[in-house]
Amino acid sequence: GFRPRGLDEVIADFESARRAGVRHLAFYDDALLYRLLEVLYPFLASVERTGGGMMLHTPNAMHARLVNQETARRLAVAGMKSFYLGYESVSAEFQRKTGAKVVGEDLAGAVEALRSAGVPAGAITAYEILGHPLADVQGIEESMRFASSLGIRVMLSDFSPIPGTPDGELCRGVVDLDEPLYHNKSAFPMLLLGPEKVDYYKNLCAALNRRNKELSQDRKDNYE
């Protein structure tokens with residue numbers, strides 16, 4: 001089951017970190033926006049009232065479908081500085097086979113909400129899986145290009161097969177899942193796709209991010 005921490009406990013932890021001089025606070029929790037009325041909204045309101053002065057980050061990715069205008073505004077006002085969003089594929093077939101957790105419209109909506117809240121595009125990153133066992137239908141390049149077309153950064157997250165999970169079990173035809181070394185995320189994408197294709201996708205990711213950064217700088221220069 002899911003159980004959020006108590007609000008008083010969360011605020012106490014935040015204040016303790018602030019008194020200790022902490023300047024950056026990361027939420028390693030991809031369920032951050034689930035049942036957010038119970039803890040997250042009141043926590044953000046407390047941070048806003050006390051002028052927390054900390055820079056907040058979400059490196060473990062938030063669920064893009066749950067990022068609406070109000071949530072984006074509250075996060076930005078409370079001091080959130082980096083926004084990571086989970087996004088796996090633009091492919092309808094891949095979405096159908098994996099539960100359609102986040103589709104393209106969800107990512108675009110989250111980006112629009114964050115941008116409306118004053119968040120710069122360069123502070124928003126979409127995670128995409130590299131080396132998923134359904135890579136043949138994932139359309140990773142098309143997915144990367146779609147996310148990049150929104151003006152945001154793209155980051156590749158290497159897939160790690162976990163025995164007993166649906167996606168992990170799909171990997172048994174590729175590696176021996178009874179050997180723990182094959183659970184290593186640095187190894188599996190190379191074994192599935194090959195070094196050349198892995199390098200291609202990583203170089204493409206860097207090129208797309210570089211282009212968006214240059215376009216952003218050009219717009220800034222023209223405005224000034």
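**Close-ups of a predicted model**

**View 1. Ala 61 sits in strand E2, which covers residues 55-62.** Keep in mind that this is a predicted model, not an experimental one. Ala 61 has a phi near 80°, a positive value in a residue other than glycine. What makes that worth a look? Most residues other than glycine have a negative phi. Is Ala 61 buried or exposed? Its relative accessibility is 11%, and because buried means under 20%, Ala 61 counts as buried.

**View 2. Arg 35 is another residue with a positive phi, here about 50°, although it is not a glycine.** Where does Arg 35 turn up? Look in the loop between E1 and H2. Arg 35 has a relative accessible area of 35%. That value falls between the 20% and 50% cut-offs, so Arg 35 is called partly exposed.

**View 3. Here is the second largest pocket, with about 450 Å³ of space in it.** It is lined by 20 residues, and the closest to its centre are Val 10, Phe 27, Asp 29, Leu 32 and Val 39.

**View 4. Now for the elements that build the lining of the second largest pocket.** Which of them gives the largest share? That's H1, with three residues.

**View 5. What kinds of residues make up the lining of the second largest pocket?** Sort them by type and you get 15 nonpolar and five charged residues, with no polar ones.

How values were computed
Residues numbered from 1 in each chain as written. Predicted model: local features only at pLDDT ≥ 70, side-chain atom pairs only at ≥ 80, totals over all residues. Heavy atoms only, no water. 1 Å grid on protein atoms, 1.4 Å probe; cavity = no way out; pocket = protein on both sides within 12 Å on 5 of 7 lines; lining within 4 Å. Points joined across faces, edges and corners; volume = space filled by probe spheres on them. Helix = DSSP H or I, 4+ residues; strand = E, 2+ residues; numbered from the N terminus. Nonpolar A, V, L, I, M, F, W, Y, C, P; charged D, E, K, R; others polar. Buried < 20%, exposed > 50% of the residue type's maximum accessible area, 1.4 Å probe, protein only.
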